[in-house]
Amino acid sequence: MALVNERARILANAKVGPNLYLMELASPRIAAAIEPGQFVHMKVPNMEAHILRRPFSVYARDAAAGTLEILYQAVGFGTDHMTRIEPERAEHLSGAELIGPVGRAWEPPADARRALLVGGGVGAAPLFMLTESLVAAGVRTDVVMGAQTEAALTCRARYEALLGAPPLCATDDGSFGREGFCTSLVAEALAETDAAGEPYDYLAVCGPEPLMKIVAGMAAEVGVPCEVSMEKRMACGIGACLSCVVDTVDGKKRACVDGPVFDARKVVW
Ligand SMILES: Cc1cc2nc3c(=O)[nH]c(=O)nc-3n(C[C@H](O)[C@H](O)[C@H](O)COP(=O)(O)OP(=O)(O)OC[C@H]3O[C@@H](n4cnc5c(N)ncnc54)[C@H](O)[C@@H]3O)c2cc1C
Ligand code: FES
């Protein structure tokens, strides 16, 4: 699908966790076309002095209503500016200019029967549409989520509603689920399903690079295909500037057009 440049009205922008915000946008053409794992490149409203767009994965979409949701963490100038957007205020009524859908989507094997998805922090959001499509295809899907605290597990309720069972959770401070990093839950899930003779045949990970590297290593050890979503700093978002390169066994690749989703076996960590 060709890239669309669409001015999207901002319908909602609310704080949903510590430093975490959920923005809903009316973007019918992108909502109709976007695939799980792809992202939008946003010109942050009222930041005209800054020409660079910011990339955000799409957390959820409603193609019929023509809406998109992004879950974002305020980490710097642009995202901090976004937290102050009030949809009803006159200067925000013109909305945000989006380019999308950008990038390579998740590509689970066509014959996958059992999947394990691992989201660290805000990285749980780009896995939600993938979970929806796997569940719809009848793939048994387990989800592991890790965050610093219970309050930062903002996607948990939505995953539980979709899966019909709670996702496996870990928090750094032990305020919910397993205390510590979620990698221990991944190791256990791999071992238990293997011992039960029902091993996973697809893993997908999104989150901090150390988490993706560890889970990619676990997947490689048991020989299960694994995909990762690489969050590199981006400038053009269309493959022209090479600011987002990822080292792979096939040479340097651009996260914006060759990714952000990569076969974990190809990434040189
Ligand atoms: C494909 C893709 C999808 C993304 N999806 C999401 C998402 O769903 N939710 C979300 O909260 N964030 C997401 N990000 C990260 C988001 O784009 C950055 O946090 C944002 O651009 C920072 O802008 P800023 O102006 O606030 O930060 P800046 O002021 O430009 O930078 C502040 C800090 O943020 C870090 N940073 C800047 N850009 C990135 C980046 N691309 N990746 C990681 N760290 C960065 C910098 O290293 C710096 O420490 C995604 C990034 C990519 C590449
Ligand atoms: S952001 Fe310019 S090549 Fe990827």
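This is a predicted model: local features need pLDDT of at least 70, side-chain atom pairs count only at pLDDT 80 or more; totals for chains, interfaces and linings use all residues.
**Entry 1**

Residues are numbered from 1 along each chain as its sequence is written, while chains are lettered from A and ligands numbered from 1 in the order in which they are written.

I then asked which elements supply the shell. Helices (H or I, at least four residues) and strands (E, at least two) are DSSP runs, numbered from the N terminus.

**Entry 2: the whole protein**

I found six helices and 16 strands in the protein. The C-alpha atoms fill a box of roughly 60 × 40 × 35 Å along the principal axes. Buried residues make up 43% of the 269 residues; a residue is buried if 20 or more other C-beta atoms lie within 10 Å of its own, exposed if 12 or fewer, and partly exposed in between, with C-beta atoms placed from the backbone.

**Entry 3: two buried residues**

I looked up Gln38, which lies in the loop between α1 (28-33) and β3 (39-43). Gln38 is buried because 22 other C-beta atoms lie within 10 Å. Beyond residues up to four places away in sequence, Gln38 touches Val58, Gly100, Pro101, Val102, Gly103 and Ala105; contact requires C-beta atoms, placed from the backbone, within 7 Å. The C-alpha atoms of Gln38 and Cys256 are separated by 9.4 Å, although the two are 218 residues apart along the chain.

Val118 lies in strand β8 (residues 114-120). I recorded Val118 as buried, since it has 32 C-beta neighbours inside 10 Å. Its contacts, leaving aside neighbours within four places in sequence, are Val144, Cys182, Val186, Leu203, Val205 and Val215. Between the C-alpha atoms of Val118 and Gln38 there are 17 Å.

**Entry 4: backbone exceptions**

Most residues other than glycine have a negative phi, and most peptide bonds are trans. I therefore listed the exceptions. Where are cis bonds found? One joins Gly100 and Pro101, with omega about -10°, and Pro101 is in strand β7 (residues 96-102). Another joins Gly259 and Pro260, with omega about 10°; Pro260 lies in the loop between β15 (251-254) and β16 (261-263).

Asn19, not a glycine, has a positive phi of about 65°. Asn19 is placed in the loop between β1 (4-17) and β2 (20-26), and it is partly exposed, with 16 other C-beta atoms within 10 Å. Leu242, also not a glycine, has a positive phi of about 60°. Leu242 is in the loop between β13 (226-229) and β14 (245-248). Is Leu242 buried or exposed? Leu242 is exposed, as 11 other C-beta atoms lie within 10 Å.
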